[in-house]
Amino acid sequence: MSIVFGVCPEGQPEQKPEDDLINVPDGPPNESLQPTTERILQICPRFRILVIGKTGVGKSTLINRAFGVTKAVKPSIRQPDTFLSLTNFLQVSAHYRPGEANIETELISPENTLFVLHDSKGFEPGEDTNYETAKRFILSRRSGALKDRLHAVWFCLESPRAGARLLESAAEDFLRSKKATLGTIPLIIVFTKYDEFVNEVEMNMSDRGLEDEELVESALSKAGSILNEHYVQSIHPLAGETLPHVAVSTEEGYKNTLPKLVQLTYSMVSQWVAHEPSVVSNMAQRVNPALKIQGTIDIGKKRYWTALRSSPNFANHKVWECLYVIHTDIVRVWNFPTPHLLSKEFRELMVKMVEDLHVPNAPNPASILGGSLVAAISAVLGALANPAAPIVIPIVAGLALGSWAYCVYCQSHVVQQRFIAFIVDLTHVMETLFIITEGRHERVGRRAIKLAYNAYNNSAVKAWAHAQIELYRELDGRDAALEMIERLIKPADSDDNANDYHAEIRKLVLDPVNLSQDEPW
């Protein structure tokens with residue numbers, strides 16, 4: 001069986017512009033000022049991954065969850081719109097059928113165009129064809145242009161069961177030839193269906209008298225030890241080296257497993273392949289917000305955030321042009337399925353959010369609302385329950401920006417403070433939108449974006465961040481601005497404001513809400 005999700009082979013007819021899920025802007029107002037992500041995507045437009053695994057191991061669900069695409073389905077003529085649009089259904093059913101996996105086929109989801117998948121059948125007992133096919137394919141993708149090379153391999157094995165054989169002979173041969181076949185291409189062993197393995201371990205435990213929570217913790221610990229023992233005894237001797245491995249499950253209670261997998265993949269690709277595909281792997285993944293934040297920081301530091309103090313990158317450019325490229329880079333890292341985050345209206349809203357800096361007696365949302373996020377967005381939730389009532393944002397899109405946005409960039413501390421606030425605010429709005437839409441693979445409409453905007457704008461997190469930024473006076477060394485940005489968008493575990501904010505966001509009951517519902521700004 002092969003992987004089937006909302007994908008179409010590379011080279012097939014593309015969607016109409018009105019159906020595109022990622023809005024590609026015409027370019028910044030000044031062509032000499034290009035987003036850093038533009039250069040990265042020119043070098044490596046997609047993260048290329050090969051997934052190997054036998055039928056039923058859980059490849060489809062793994063890919064769908066990790067990259068936030070439509071639930072895996074077997075296309076059916078009777079129900080073409082179950083999870084796929086009619087256009088995508090026809091493309092999938094015409095060119096890519098279950099059971100006919102061709103490892104050479106480039107599978108690309110229209111819901112997330114930043115990764116390309118190659119699907120390999122697993123290594124079944126008594127046959128070598130799949131093994132030889134996979135080996136030839138990997139060897140052919142070890143060199144060439146970076147965009148055409150293979151960037152990572154996920155080797156999926158079902159978490160071991162009592163009495164079951166972990167590896168077939170062809171899989172053992174593949175691991176023995178790892179260095180000769182893959183070279184420096186990262187190979188990650190992915191133990192799937194970890195929840196079933198933990199449940200089996202729990203059922204066989206002798207200390208059944210423990211409380212439920214203690215029993216679960218004990219079962220998780222024991223399962224981890226058993227799995228590591230299987231790895232040490234069965235896999236490590238074959239490969240002759242330590243291979244990165246992670247146990248994953250897409251079931252409730254195991255949400256931390258997929259973020260570990262994408263973090264490990266990002267790190268391995270960065271170390272062994274190149275910077276560009278590691279960045280694109282982070283842009284493509286949709287399960288690890290902490291990694292998104294780190295990616296935002298890494299891309300910012302590559303060029304434009306250093307301009308806040310001494311870099312010539314912003315010289316002779318207007319503030320709006322400079323903010324344009326910063327905004328584009330941050331939004332592209334988070335990679336939401338919507339064109340609205342790159343629209344002129346949303347860009348203006350984010351610029352206006354920072355204009356309360358240095359305003360005497362500006363209202364403090366935290367003091368008005370008692371610091372409670374629930375109080376801050378209760379009216380918003382009421383509006384969500386009534387589809388006829390649009391969400392009202394406190395800053396109306398379309399109002400003229402302050403004159404500072406049209407001035408030529410200068411390195412005054414006031415301008416630097418507003419740039420710091422812009423980066424911090426936009427990152428937190430993206431993080432909020434990520435939490436609101438987490439696990440819901442649907443197009444994001446302006447309604448959901450406005451909810452995220454209001455939630456952050458009326459939170460104690462924003463009030464505290466702006467208060468800290470107003471204290472910035474460029475007195476703490478050359479990297480003070482970068483250090484402040486990083487501190488404010490990566491709060492410590494002890495930061496009560498941020499922890500309370502995230503906890504309240506996750507409490508929101510949004511299941512009945514259509515996050516793709518659209519409405520004017």
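Visitor: How much of the chain is buried?
Guide: Of the 521 residues in the chain, 54% are buried. Buried means under 20% relative accessible area, exposed over 50%, partly exposed in between (1.4 Å probe, protein chains only). This is a predicted model: local features need pLDDT of at least 70, side-chain atom pairs count only at pLDDT 80 or more, and totals for chains, interfaces and linings use all residues. Residues are numbered from 1 along each chain as its sequence is written, and side-chain values use heavy atoms, with hydrogens and water left out.

Visitor: How many helices and strands?
Guide: 20 helices and 7 strands. These are DSSP runs, numbered from the N terminus: helices are H or I with at least four residues, strands E with at least two.

Visitor: And what share of the contacts join residues at least 24 apart?
Guide: 79%, among contacts between residues at least 6 apart in sequence. Contact means heavy atoms within 4.5 Å.

Visitor: Helix 2 next. How many of its residues are buried?
Guide: 7 of 9, so helix 2 (residues 59-67) is mostly covered. The buried ones are Lys59, Ser60, Leu62, Ile63, Asn64, Ala66 and Phe67.

Visitor: What do they pack against?
Guide: Strand 2 (47-53), strand 4, strand 5 (152-158) and strand 6 (187-192), plus helix 9 (257-272) and helix 10 (275-284). Just after helix 2, Gly68 has a positive phi of about 60°.

Visitor: You mentioned helix 10. At what angle does helix 1 pack on helix 10?
Guide: About 110°, with the axes of helix 1 (residues 36-43) and helix 10 9 Å apart. Axes are lines fitted to C-alpha atoms, for helices over the stretch in contact, and angles run from 0 to 180 degrees between N-to-C directions. That makes helix 1 roughly perpendicular to helix 10. The classes: under 35 degrees is roughly parallel, over 145 roughly antiparallel, 65 to 115 roughly perpendicular, the rest oblique.

Visitor: Which residues meet there?
Guide: Thr37, Arg39, Ile40, Leu41 and Ile43 of helix 1 meet His275, Glu276, Val279, Val280 and Met283 of helix 10. By class, this contact has 6 nonpolar, 2 polar and 2 charged residues. Ala, Val, Leu, Ile, Met, Phe, Trp, Tyr, Cys and Pro count as nonpolar, Asp, Glu, Lys and Arg as charged, and the others, Gly among them, as polar.

Visitor: What about helix 16 and helix 17?
Guide: Helix 16 (residues 413-437) and helix 17 (residues 446-457) pack at about 125°, axes 9 Å apart. That makes helix 16 oblique to helix 17.

Visitor: Switching to rings. How many aromatic pairs?
Guide: 15. Rings of Phe, Tyr and Trp (its six-membered ring) pair if their centres lie within 6.5 Å; planes under 30 degrees apart are stacked, over 60 edge-to-face, the rest tilted. One of the pairs is Phe123 with Phe174, tilted, 5.4 Å centre to centre and 50° between the planes.

Visitor: Where do those two sit?
Guide: Phe123 is in the loop between strand 4 (112-121) and helix 4 (129-140), and Phe174 is in helix 5 (residues 169-176), so the pair ties together parts 51 residues apart in sequence. Both Phe123 and Phe174 are buried. They also belong to an aromatic cluster with Tyr131 and Phe155.

Visitor: Why is the pair of Phe314 and Tyr409 edge-to-face?
Guide: Because their planes are at 70°, with the ring centres 5.3 Å apart. Phe314 lies in the loop between helix 11 (289-302) and helix 12 (319-334), and Tyr409 in the loop between helix 15 (373-385) and helix 16, 95 residues apart.

Visitor: Buried or exposed?
Guide: Phe314 and Tyr409 are both buried.
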